[in-house]
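Thanks for coming. I will go through one chain today, starting with a single residue and ending with the overall layout.

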Amino acid sequence: HWHIIPGLAVVLASRSRRSGHCPVHYLVLHRPQFGQQPAGGAHVFRMKAIIQRVLSASVTVDKEVISSIGRGVLVFAAIAPGDTEREINSIASKVLKMRLWDDEAGGKWKKSVTDIGGEVLCVSQFTLLAQTKKGTKPDFHGAMNPKEASRLYHCFVQRVKDGYSAERVQDGRFQDMMEVALVNDGPVTLELQAGASKAAEEM
């Protein structure tokens, strides 16, 4: 299957449970322009992240691998206009607490990335906030302007490090064209959105 994440050159590999083979798909997509969320718009955007359980993942910029992880999670994160540290903290908490692994007794969805001592790779991905209902050209008004998004994105990465271990959290390079390679374990891919109640996050 082809997996498309606009704005990045992406290598995706999903492990086959039957054969153990990893089919790899390589896509190179042009980086689109950022927009501003229309004032008074009906749709309210909030920070969004895609989290994938991986056996390995890496980011390459200008033919140089700048970060890589082994078993853990790959996180694509997008910052929306109006986001604050509240949304940043919400997503960072979910990344670290989301239970994606089985336990030793075979219990399903019991352990988080911190429970298994895994690693985290964060990648900025503003195109997650694209609107695609009208026409065939993505609308990126739902993404925050780069200057403010950079500050909050790096704040998000720091929150993940503070909540876990700085040595086990890696990062891409904000606004650069990146080649992201990963081996998705399962595959397991979830969408995380900011705004959950504190009680829900602590479950």
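Where does Trp109 lie? Trp109 sits in the loop between H1 and S6. Before going further, please keep in mind that this is a predicted model. Trp109 is not a glycine, yet it has a positive phi of about 55°. Its relative accessible area is 47%, so Trp109 is partly exposed.

There is another residue of this kind. Lys63, also other than glycine, has a positive phi, near 70°. Lys63 is found in the loop between strand S3, residues 48-61, and strand S4, residues 64-69. With a relative accessible area of 82%, Lys63 is exposed. As background, most residues other than glycine have a negative phi, and most peptide bonds are trans.

From Gly186 to Pro187 the bond is cis, with omega near 0°. Pro187 belongs to strand S8.

Next, the aromatic rings. How many aromatic pairs are there? The count comes to two aromatic pairs. In one of them, the ring centres of Tyr153 and Phe156 are 6.3 Å apart and the planes stand at 40°; a plane angle under 30 degrees would count as stacked and one over 60 as edge-to-face, so this pair is tilted. Tyr153 and Phe156 both lie in helix H2, residues 146-163, and are three residues apart, about one turn of the helix. Both Tyr153 and Phe156 are buried.

Then there is the pair of Tyr153 and Phe174. Their ring centres are 5.9 Å apart and their planes are at 35°, so this pair is tilted.

Why does Phe174 count as buried? The cut-off for buried is under 20% relative accessible area, and Phe174 is at 16%, so it counts as buried. Tyr153 has a relative accessibility of 1%, so Tyr153 counts as buried. Put together, Tyr153, Phe156 and Phe174 form one aromatic cluster.

Ser124 is placed in strand S6, residues 119-124. Setting aside neighbours within four places in sequence, Ser124 is in contact with Ala77, Tyr153, Phe174 and Met178. Ser124 has a relative accessible area of 15%, so Ser124 is buried.

Between S6 and H2 there is a loop, and Asn145 is found in it. Is Asn145 buried or exposed, or in between? Its relative accessibility is 24%, so Asn145 counts as partly exposed. The C-alpha atoms of Asn145 and Ile79 are separated by 8.9 Å, although these residues are 66 residues apart along the chain.

Now to the helices. Two packed helices are described by the angle between their axes and the distance between the axes. Helix H1, residues 85-97, packs with H2 at an angle of about 40°, and the axes are 9 Å apart. H1 and H2 are therefore oblique to each other. The crossing of H1 past H2 is right-handed.

Which residues make the contact? On the H1 side they are Glu85, Ile88, Asn89, Ile91, Ala92, Val95 and Leu96. H2 contributes Leu152, Cys155, Phe156, Arg159, Val160 and Gly163.

Last, the whole chain. What is its make-up? The chain has three helices and eight strands. Starting at the N terminus, the order of elements is β-β-β-β-β-α-β-α-β-β-α. Of the 203 residues in the chain, 46% are buried. Taking contacts between residues at least 6 apart in sequence, 73% join residues at least 24 apart.

Note on methods
Residues are numbered from 1 along each chain as its sequence is written. This is a predicted model: local features need pLDDT of at least 70, side-chain atom pairs count only at pLDDT 80 or more; totals for chains, interfaces and linings use all residues. Side-chain values use heavy atoms; hydrogens and water are left out. Rings of Phe, Tyr and Trp (its six-membered ring) pair if their centres lie within 6.5 Å; planes under 30 degrees apart count as stacked, over 60 as edge-to-face and the rest as tilted. Helices (H or I, at least four residues) and strands (E, at least two) are DSSP runs, numbered from the N terminus. Buried means under 20% relative accessible area, exposed over 50%, partly exposed in between (1.4 Å probe, protein chains only). Axes are lines fitted to C-alpha atoms, for helices over the stretch in contact, and angles run from 0 to 180 degrees between N-to-C directions. Angles under 35 degrees count as roughly parallel, over 145 as roughly antiparallel, 65 to 115 as roughly perpendicular and the rest as oblique. A crossing is left-handed if the near helix is turned anticlockwise from the far one by less than a right angle, and right-handed if clockwise. Contact means heavy atoms within 4.5 Å.
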